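Colleague: I have not looked at this model before. Could we go through its parts one at a time?

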Amino acid sequence: MKIILNNRPETFDADSLTVSQIMDLKSFHFKMLVVRLNDHLVKKEDYSLTDVKEGDDLKIIHLVSGG
Amino acid sequence: MPTFNQIKAILSQKTVGIAGAGGLGSNCASSLIRSGVGKLIVADFDRVSPENLNRQFYFRKQAGMKKVDALRENLHKICPGCVLQVHDTRVTEDNIELLFSVCDVVVEAFDDAEQKSILINYMLTHLPHIPLVAASGMAGWGGTEKIKVVKSGNFYLCGDQESEISEDNPPIAPRVNIVANMQADIVLQLLLKELF
């Protein structure tokens, strides 16, 4: 499937993957994240339950301290 | 093109919430007040310390003051007529709605990533109709070209998403100010949408 990940086209060798699987494949291992799928919030407890499909827009945003 | 007077007339009717009055919040607030935003609601529980002066909009003689009181003093020097509702309190899930539900836009201006996460998750879940402008990644110096804005619906995040504060990577005025002012600029863009 082809999706948009953090504003860039990305191709995965599967018809559907969960948010957790994509995080593993792309090595997103920061503790604090904001995940948006098609501009809707995906909560932490739903990462492994939420399917990402062809054409989806996924944003995985890192929160780091400082301000 | 609208005149600056028309822009100020619109901004004077707007209310912006700012969660945190540190490096991001104090500098963002000063730019918004200079631009003509009519009312700010600011919440922070901290006091001004001399170490804050490397990036925050406070002065040496204000050390020891509550940040929200010091900020009110400084903003009123720029604009005596602006309305400043300040809350000397820690922002938690229990008071976010009470503090910010009347705002046209809310700015996330915390230091700590955990605090950022609490506010962002709460706002996107319970107040998703209010635009939220957050920040992540601005410690140190250099690499300004990596600082960007990510937009997702009503949610905006400014920063490089990687420069975390640490002993060898302190937050310093230039990058913190850049990000605080990117946040302020997005706020103006959101508030002035009706003009364009």
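Colleague: At what angle do the axes of helix α2 (residues 23–35) and helix α3 (residues 67–78) of chain B cross?
Modeller: This is a predicted model, in which local features need pLDDT of at least 70, side-chain atom pairs count only at pLDDT 80 or more, and totals for chains, interfaces and linings use all residues. Residues are numbered from 1 along each chain as its sequence is written, while chains are lettered from A and ligands numbered from 1 in the order in which they are written. Helices (H or I, at least four residues) and strands (E, at least two) are DSSP runs, numbered from the N terminus; axes are lines fitted to C-alpha atoms, for helices over the stretch in contact, and angles run from 0 to 180 degrees between N-to-C directions. The axes of α2(B) and α3(B) come within 10 Å, and they cross at roughly 25°.

Colleague: How does α2(B) run relative to α3(B), roughly parallel or roughly antiparallel?
Modeller: Angles under 35 degrees count as roughly parallel, over 145 as roughly antiparallel, 65 to 115 as roughly perpendicular and the rest as oblique. The crossing angle here is roughly 25°. That makes the two helices roughly parallel.

Colleague: Which residues of α3(B) meet α2(B)?
Modeller: Two residues are in contact if their C-beta atoms, placed from the backbone, lie within 7 Å. From α2(B) come B:Ser26, B:Ala29, B:Ser30, B:Ile33 and B:Arg34. The residues of this contact divide into five nonpolar, two polar and one charged (Ala, Val, Leu, Ile, Met, Phe, Trp, Tyr, Cys and Pro count as nonpolar, Asp, Glu, Lys and Arg as charged, and the others, Gly among them, as polar). On the α3(B) side they are B:Leu71, B:Leu75 and B:Ile78.

Colleague: Which strands stand at the edges of the sheet in chain B?
Modeller: Two strands pair if DSSP finds at least two bridges between them. The open sheet of chain B has seven strands in the order β3-β2-β1-β4-β5-β7-β6, with mixed pairing. Its twist averages 15° from one strand to the next. Having a single partner strand each, and so one side without a neighbour in the sheet, the edge strands are β3 (83–87) and β6 of chain B.

Colleague: What is the bridge partner of B:Val16 in β4(B)?
Modeller: Strand β1 (residues 15–19) of chain B pairs with strand β4 (residues 105–108) of chain B in the parallel sense, over four bridges. In β4(B), the partner of B:Val16 is B:Val105.

Colleague: Which residue takes a positive phi in the hairpin of β6(B) and β7(B)?
Modeller: Strands β6 (residues 148–152) and β7 (residues 155–159) of chain B pair in the antiparallel sense over five bridges, and B:Lys151 has B:Tyr156 as its bridge partner in β7(B). The hairpin has two residues between the strands. The phi is near 65°, and the residue is B:Gly153.

Colleague: At about what angle does helix α5 (residues 113–126) of chain B run to β5(B)?
Modeller: Helix α5(B) lies across β1, β4, β5 (132–135) and β7 of chain B. Its direction relative to β5(B) is about 160°.

Colleague: What is the radius of gyration of chain B?
Modeller: Chain B has six helices and seven strands. The radius of gyration is taken over C-alpha atoms; the globule rule is 2.2 Å times the number of residues to the power 0.38. For 196 residues the rule gives 16 Å, and chain B is close to that, so it is as compact as a globular protein of that length. The value for chain B is 16 Å.

Colleague: Which strands are at the edges of the sheet in chain A?
Modeller: Chain A has one helix and seven strands. Five strands form an open sheet with mixed pairing, in the order β2-β1-β7-β4-β5. The strands that pair on one side only are β2 (8–11) and β5 (40–42) of chain A.

Colleague: Which element gives the most to the side of chain A that touches chain B?
Modeller: In this interface, 13 residues of chain A are in contact with 32 residues of chain B. The elements of chain A that give two or more residues to that side are β4 (33–37) and β7 (57–62). With three residues, the element that gives the most is β7(A).
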